[in-house]
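Take a look at the chain below. Follow the strands first, then the helices.

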Amino acid sequence: MTPRLLIIEDDRALGEMLAMHFEDLDFAVTHAERAQAGLDQLRQGRFDLVLLDQQLPDGLGSELIGPLLEIDPQLPILMMTGKHDLELAIDAIQRGAADFIHKPINTDKLTQAVQRLLREREALSQTSDSPPAGSSEDEAPRDLIGRSNAMLDVSKAIARSAHTQATVLITGESGTGKEVVARLIHQHSGRAGAFIAVNCAAIVDTLLESDLFGHEKGAFTGAQARKQGRFEQAAGGTLFLDEIGELAPALQAKLLRVLQEHVFERVGGHESIHTDARIIAATNRDLLAEAAAGRFREDLVYRLQVIQIRMPPLRERREDIPLLVQGLLARIAARLERPTPTITPAALARLTEDDWPGNVRELENRLSQALLQTHHALITPEMLALGGGGIGQQGPIGGDAEATPTGQASGSAGDQASVLRSLDEVAAAHIQQVLDHTQGHKGQACEILGISRPALDRKIEKYQLRVMKR
């Protein structure tokens, strides 16, 4: 049977290209350029899958998901967007989209996704129950930043795990943002209770048991009253257990019982207390390797990682660094009550070259140090403490007014002009210098500046820069 594909895409050239591609694969393709036209096509005939663009002339594709699923609740919808927004991916999947793909479209990956979704639809049609379309009324906090495929996979995992009751294990190196992911899962879960976070490595074993499960009056010296533990505080919500690999063996056994039976007793108590708190755990260790070494219970590992989400280290998603820098600088500036600084292209290029063993946490610390050095809301490479630099070392741009730019005498008119230039003038001059250095080679200029070719072309047009003919 020929699969029927509906493409809702306002870019006529892209729509026609996709139509020809899938027609070559023996699909029957219909192309609509507006949201309403797409709805009308679906009402008039059955389709096996929809390719849906986000930005349409008469509305947003994400807002069209609900009406499409009202017509056919089993319809697989594959979102396409040129905007690299992880919250948008989460929102689309929460609304009921089956998958999400970024532009520019990789036709091989798109074809694989379409074929997978069609196989899933075929399997689903053999059952009597149709899956409910998801929805989300709350906007996720914009702490998950990135445009890499690795982070898109993380956002999909968040969306797909949020409404389940399954235990989630988030793995990854320190500083990768595991607690951010846990909070986003809770944010999208619809659970009415609180999000309670416990760092298992920060509390000594003798106190951690009481902190988690609570205690009765007189249970130990100093227990002068009954105390609720974190499991009770997280009733109806989410309990996040960070650094779960540090849990002592006795507490591992007690946690395993809670996961199996959903009951526990307070320290010094005998009453069984039921818990409906959802457990999300995080670790920077390989728990199965820890189990093989006898330091962690293997049965607990499997109870914890019903769903596993791996947070990639920053060195595996360098393309996310410019977006992270932008978001982190805005957050740091607000915290320090300072204006959000501009970072020079050269400084940004240096940041993308670092391996960041401390990941996002280290990047935030480095940017905080740099922001405290700025005098003219401009961050230059000299402020980043990379390759031997450090706090207090100032470059000619953004440093003290007395600093002497290369090739100019201190106190000269040229020195004053350099200090008093606007940020646009500084950026224009730097980009022009790079273009002259590369003799108009835009590819090399992009590598030095750490920006994309379209971004360079926009800056050349904006600042009316000259490009040498090669």
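This report covers a sheet and then a pair of helices.

The model is predicted.

**The sheet**

Five strands form an open sheet. Read across, their order is E2-E1-E3-E6-E7. The pairing is parallel. Two strands lie at the edges: E2 (28-32) and E7 (99-102). Each of these pairs on one side only. Neighbouring strands in the sheet are turned against each other by 20 degrees on average, with direction ignored.

Look at one pair within the sheet. E1 (residues 4-8) runs parallel to E3 (residues 49-53), and four bridges join them. Isoleucine 8 stands opposite leucine 52 in E3.

**The helix pair**

How do H13 and H15 cross? Their axes come within 10 Å and cross at roughly 55 degrees. Angles from 65 to 115 degrees would count as roughly perpendicular, and those under 35 as roughly parallel. H13 and H15 are therefore oblique to each other. The crossing of H13 past H15 is right-handed.

| Helix | Residue range | Residues in the contact |
|---|---|---|
| H13 | residues 321-336 | Leu324, Val325, Leu328, Leu329, Arg331, Ile332, Ala333, Arg335, Leu336 |
| H15 | residues 359-373 | Val360, Leu363, Glu364, Leu367, Ser368, Leu371, Leu372 |

What kinds of residues make up the contact of H13 with H15? They divide into 12 nonpolar, one polar and three charged.

Methods:
Residues numbered from 1 in each chain as written. Predicted model: local features only at pLDDT ≥ 70, side-chain atom pairs only at ≥ 80, totals over all residues. Heavy atoms only, no water. Axes fitted to C-alpha atoms, helices over the stretch in contact; angles between N-to-C directions. Parallel < 35°, antiparallel > 145°, perpendicular 65-115°, else oblique. Left-handed = near helix turned anticlockwise from the far one by under 90°. Contact = heavy atoms within 4.5 Å. Nonpolar A, V, L, I, M, F, W, Y, C, P; charged D, E, K, R; others polar. Pairing = 2+ DSSP bridges.
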